[in-house]
Amino acid sequence: MNPADTLLALAGLWLIAVITPGPNMILFMAVGLSSPASSVVATAAAILLGTLCWGLAGLFGLFWLFELFPAAAAAVKVAGGLYLAWMGLGLIRRNVAPPPETVREPAAMLTPRRAFLTGLATALGNPKSLVFVSSLFAVTRLAEQPLAIGFAGVAIMVAMSTLYYVTLGIALRTLPFARRPGAAGRLLAIGTGVVMMAYGGKMAWER
């Protein structure tokens, strides 16, 4: 397979992967509906950074590390899952009771820092992403191409993900109830916290 066909096949398969609902998309949609634009951007940046890291890891064949040291994969899963669950619990606790009227920023909102850390934990906390990316590179034979073509493949993955999350973010911000303070915002935040805790627990305990 020549380089052009390899990159085209990679782009087609990655398009399916990036639009398939998963934890990254769920988190991004929740933040997009309940937090300020800066937090939405921070979440997207974290997800894209995770995509870049897993792409480079798959390109350089780091899948063997988890095969040789399964305890490392387990540690990543447990740490990422517990952090995500802890962030979800904090989000629920802050929104169970209505925030004081003196607080201008609703508790439903994630700060950009928290949004970035939560997004990064979600994106990097699942070693299965490395398995998927490595399989994708094997199917498209990207790993057999020159290193420059490999970097181009990773760049395509990040670029497509960027376009998708920018489009999704703009669409979410146009919804009339996005960022609405009060009960609606708190309900969205509690729902986000429940999803984060559920997925975090699944990440931590799944084998």
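**Exercise 1. Classify arginine 141: what is its relative accessible area, and where is it found?**

Step 1. Arginine 141 has a relative accessible area of 43%, so it is partly exposed. The scale: buried means under 20% relative accessible area, exposed over 50%, partly exposed in between (1.4 Å probe, protein chains only).

Step 2. Arginine 141 sits in the loop between H7 and H8. Helices (H or I, at least four residues) are DSSP runs, numbered from the N terminus.

Step 3. Check the backbone. Most residues other than glycine have a negative phi. Arginine 141 is not a glycine, yet its phi is positive, about 60 degrees.

The model is predicted: local features need pLDDT of at least 70, side-chain atom pairs count only at pLDDT 80 or more, and totals for chains, interfaces and linings use all residues. Residues are numbered from 1 along each chain as its sequence is written, and side-chain values use heavy atoms, leaving out hydrogens and water.

**Exercise 2. Describe the packing of H1 and H8: what are the angle and the axis distance?**

Step 1. Two packed helices are described by the angle between their axes and the distance between the axes.

Step 2. Helix H1 (residues 3-19) and helix H8 (residues 147-173) pack at about 30 degrees, with axes 10 Å apart. Axes are lines fitted to C-alpha atoms, for helices over the stretch in contact, and angles run from 0 to 180 degrees between N-to-C directions.

Step 3. H1 and H8 are therefore roughly parallel. That label covers angles under 35 degrees.

Step 4. List the contact, meaning heavy atoms within 4.5 Å. H1 contributes residues including Leu7, Trp14 and Ile19, while H8 contributes residues including Ile149, Met157 and Tyr164.

Step 5. Sort the residues of this contact: 14 are nonpolar, two polar and none charged. Here Ala, Val, Leu, Ile, Met, Phe, Trp, Tyr, Cys and Pro count as nonpolar, Asp, Glu, Lys and Arg as charged, and the others, Gly among them, as polar.

**Exercise 3. Which residues touch the most other members of the largest nonpolar core?**

Step 1. A nonpolar core is a set of buried Ala, Val, Leu, Ile, Met, Phe, Trp, Tyr and Cys residues joined through side-chain atoms within 4.5 Å.

Step 2. The largest core has 38 residues, and Phe28 and Phe137 touch the most other members.

Step 3. H8 gives the largest share, eight residues.

How values were computed: Helix = DSSP H or I, 4+ residues; strand = E, 2+ residues; numbered from the N terminus. Parallel < 35°, antiparallel > 145°, perpendicular 65-115°, else oblique.
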